[in-house]
Structure formats: structure tokens, C-alpha cells
Amino acid sequence: MPQSFTPEKNSNIVILTGAGTSQESGLETFRDPDGIWSKVRIEDVATPEAFAKDPDAVHDFYNMRRARHRVATANPNPAHLALARLEAQWVGEVTVITQNVDLLHESGGTQNLIHMHGVHSKARCNHCQYIVEWQGDMSTADVCDGCSCAGGLRPHVVWFGETPLELDRIQGALLECDLFLSIGTSGNVYPAAGFVSVVQQVGRAHTVELNLEPSLGADKFDEGRYGPATAIVPAYVDHLLESL
Ligand code: BV8
Ligand code: ZN
């Protein structure tokens, strides 16, 4: 891995985050040994087909996760706080693209944020596409304020087989970035796992993976820094800000 790189202070930084970024705030990851997908199958709770077949099971899964997220949201960790500090002090553009549906980047202070897989705190109606803030449990009995029908409300998250959100905005940021960071993601889920390849094809950015351990895509990065996010992310942000 080439040695670390210090970008120009007005350069653009794009940061992709995954479940590992929130792990030290008390939220489970997906693919760690005791992760979410070791307890429940994607096909049963995180696809449109699953919702059509057994909406109650899908609502139970997201009601459990929404309750956990709501507790965790009050607990952004030093990684979230460091990314917000970077955005506040960096001269160039800092864009955070998160795969996470929790609101920890917001509560940590990040503003220029894209939730490509949606958020746990909103509901969307399958009948009329109405989107509404949603805090408590959701069920097929709930009535949509947009069309006054019941049974259509679902979590406003992107399931497997569905198109991620804000892909045009994401593509624009990737094509313009000078430094690409990938934090706390295993590199399993596309298109997010392919963003580093998009950046490499453009050929102008330095790419860094910051993760507990090398991800599936580790060899696609120019540089890797490994350890808990709450340790390596603040240290890397300090390294960047020292160059200002
Ligand atoms: C799409 C929202 C078309 C819901 C999520 C075959 C091959 C390749 C691809 C596919 C295929 N078959 C189907 C596909 C496409 C599919 C896909 O990629 N499947 C994979 C599983 C094979 N993708 C899709 O369906 C996507 N849609 O492709 O549409 C399209 C494409 C392009 C353009 C137009 C249309 C939609 C995918 C979205 C699914 N929804 N979440 C919810 O949250 O319930 S995905 C889910 O996984 C979360 O968003 C999560 O964030 C994401 C990725 O997981 P990670 O974040 O990486 O979490 P993971 O547990 O895996 O890893 C954690 C990492 O952190 C680990 O590396 C660990 O070491 C590290 N870590 C742990 N603790 C710490 C830490 N690091 C630092 N510090 C710590 N303390
Ligand atoms: Zn509706």
C-alpha cells in the first residue's frame, strides 16, 4: 500500500460509510459473526417479495431495528464526530454517502449527507409513494395520510433488488472527488461496493479503506488503515486537518 497521502486543502472528499461506523454506538452490523444476517434471512425481511409475502414479519423486523436505532441515535461515536469536524473545517467539499439507515451522522453533526439506502425514521406508501416521518411501530393496519388507505405503508429503506436513492448525486460526487474514504463496510453490497472502482477509473483520487479488518474490496484501495472506527477515523481526520 502506498504511503499516506495529504490532499490539497480545497480538494473534494467523498466518504462512504457502512454498519461498522455505527457498531461502537451499539448498533449491530450485518455480516459480523453475530450480525443481523446471522439471525434472519435477507429473503425473509429485506426484499419487496418478502414484504408482499409476509408484511407482518417485515414490520416486526423493522420495528425491532427502529426501536434500537432510536436508542442509539443519542449516541454518535467519535468516528461520527470526527467526520463532522472534518466537514466543518475542510476548505473543499466533504460529502458523506451512508449505507446506514440510522441517524448517527446527523446527530454527530454531518450536514452534507446522502442516505443511499433510506432511513429507519420514515415510512413510504406502496400505493401512493407518500413519505412521512415515522417513530414508533408500523403495521399493515396503519393508514396512509396521503391516500387514506391501510396496508401500503413500509419502511422508507432500500431493500435488495430495489434501486438505491440519489444515485445521480452520488455519481457526480464520485467523479469530482480527490480523496475517497470507505469506512466500516465489508464491500459485499452493490452498487456501494463498486464506488471505489468508479473513483479509480476516473484516476484522480487517492482511495483509503478504514475498517476493522480488510474488506472484500481491500485490494482496490491505495491505502488501508485498520482498527476500530472510533480510533482510526479521528486519527485520520487529525492527519488531514494538520495539513491545513
Ligand atoms: C441494486 C437497507 C439495482 C435496509 C440495505 C450478485 C452479485 C452482486 C450484486 C448482486 C447480486 N445479486 C443481487 C445483487 C445486488 C444487491 C447486492 O449487492 N447483493 C449482495 C448481497 C450480493 N444489491 C441490491 O439489491 C441493491 N440494489 O443493486 O439495484 C441497481 C444498481 C445500480 C443502479 C440502479 C439499480 C440494493 C442494496 C441495498 C440493500 N439494503 N440496507 C436495512 O438496513 O435493513 S443493505 C445493508 O448492507 C445496509 O445498508 C448495510 O449498510 C449494507 C452493507 O453492509 P455493511 O454496511 O458493509 O455492513 P457489514 O455488516 O456487511 O460490514 C460491516 C463492516 O464493518 C465489516 O467489514 C466489519 O469488519 C466492519 N466493522 C465492524 N465493527 C467495526 C468495523 N469497522 C470499524 N470499526 C468497528 N467498530
Ligand atoms: Zn398512500
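1. Start with a term. Donors are N, O and S atoms within 2.8 Å of the metal (3.2 Å for Na, K and Ca); water is not among the atoms, so sites may look incomplete. The zinc ion (ligand 2) has these protein donors: Cys125 (SG), Cys128 (SG), Cys144 (SG) and Cys147 (SG). They lie 2.3 Å from the zinc ion.

2. A word on the basis of this note. This is a predicted model, in which local features need pLDDT of at least 70 and side-chain atom pairs count only at pLDDT 80 or more, while totals for chains, interfaces and linings use all residues. Residues are numbered from 1 along each chain as its sequence is written, chains are lettered from A and ligands numbered from 1 in the order in which they are written, and side-chain values use heavy atoms, with hydrogens and water left out.

3. What is the geometry of the zinc ion (ligand 2) site? The site is tetrahedral, with angles of 104 to 116 degrees among its 4 donor atoms. Four donors count as tetrahedral if all angles lie between 85 and 135 degrees; four count as square planar and six as octahedral if opposite donors are over 155 degrees apart and all others between 65 and 115; anything else is irregular.

4. Now read the zinc site along the chain. The donors of the zinc ion (ligand 2) have the spacing C-x2-C-x15-C-x2-C. Cys128 and Cys147 are 19 residues apart and link distant parts of the chain. Cys128 sits in the loop between strand S4 (118-125) and strand S5 (131-133). Cys147 sits in the loop between S5 and strand S6 (153-157). Helices (H or I, at least four residues) and strands (E, at least two) are DSSP runs, numbered from the N terminus.

5. Cys128 is partly exposed, because its relative accessible area is 32%. Cys147, at 24%, is partly exposed too.

6. Gln129 lies in the loop between S4 and S5. Its phi is near 70 degrees, a positive value in a residue other than glycine. Gln129 is partly exposed, with a relative accessible area of 46%. Ser148 lies in the loop between S5 and S6. Phi of Ser148 is near 60 degrees, again positive in a residue other than glycine. Ser148 counts as exposed because its relative accessibility is 59%. Most residues other than glycine have a negative phi, and most peptide bonds are trans.

7. The peptide bond between Tyr190 and Pro191 is cis, with omega about 0 degrees. Pro191 is in the loop between strand S7 (179-183) and helix H7 (195-202).

8. Turn to ligand 1. Which residues come nearest to ligand 1? They are Arg31, Arg65, Gly161, Thr185 and Ser186, out of 36 residues around it. A residue is near a molecule or strand if one of its heavy atoms lies within 4 Å of it. The shell divides into 15 nonpolar, 15 polar and 6 charged residues. Ala, Val, Leu, Ile, Met, Phe, Trp, Tyr, Cys and Pro count as nonpolar, Asp, Glu, Lys and Arg as charged, and the others, Gly among them, as polar.

9. Some atom pairs at ligand 1 can be named. A polar side-chain atom of Arg65 is 2.4 Å from an oxygen atom of ligand 1. A polar backbone atom of Gly161 lies 2.7 Å from an oxygen atom of the ligand. A polar backbone atom of Glu162 lies 2.7 Å from a nitrogen atom of the ligand. On its own, ligand 1 has 1500 Å² of accessible area, and the protein covers 77% of that. Accessible areas come from the Shrake-Rupley method with a 1.4 Å probe; for residues, only the protein chains shown count as cover.

10. Two side chains make contacts within the protein. A polar contact is a pair of N or O atoms within 3.5 Å; within protein, one must be able to donate a hydrogen and the other to accept it, and residues adjacent in sequence count only if both atoms are side-chain atoms. Thr21, in the loop between strand S1 (13-17) and helix H1 (42-45), is buried at 0% relative accessible area. Its side chain reaches the backbone oxygen of Ile183 at 3.1 Å. His117 lies in the loop between strand S3 (113-115) and S4. His117 counts as buried, at 12% relative accessibility. The side chain of His117 reaches the backbone oxygen of Gln99 at 3.2 Å.

Notes: Buried means under 20% relative accessible area, exposed over 50%, partly exposed in between (1.4 Å probe, protein chains only).
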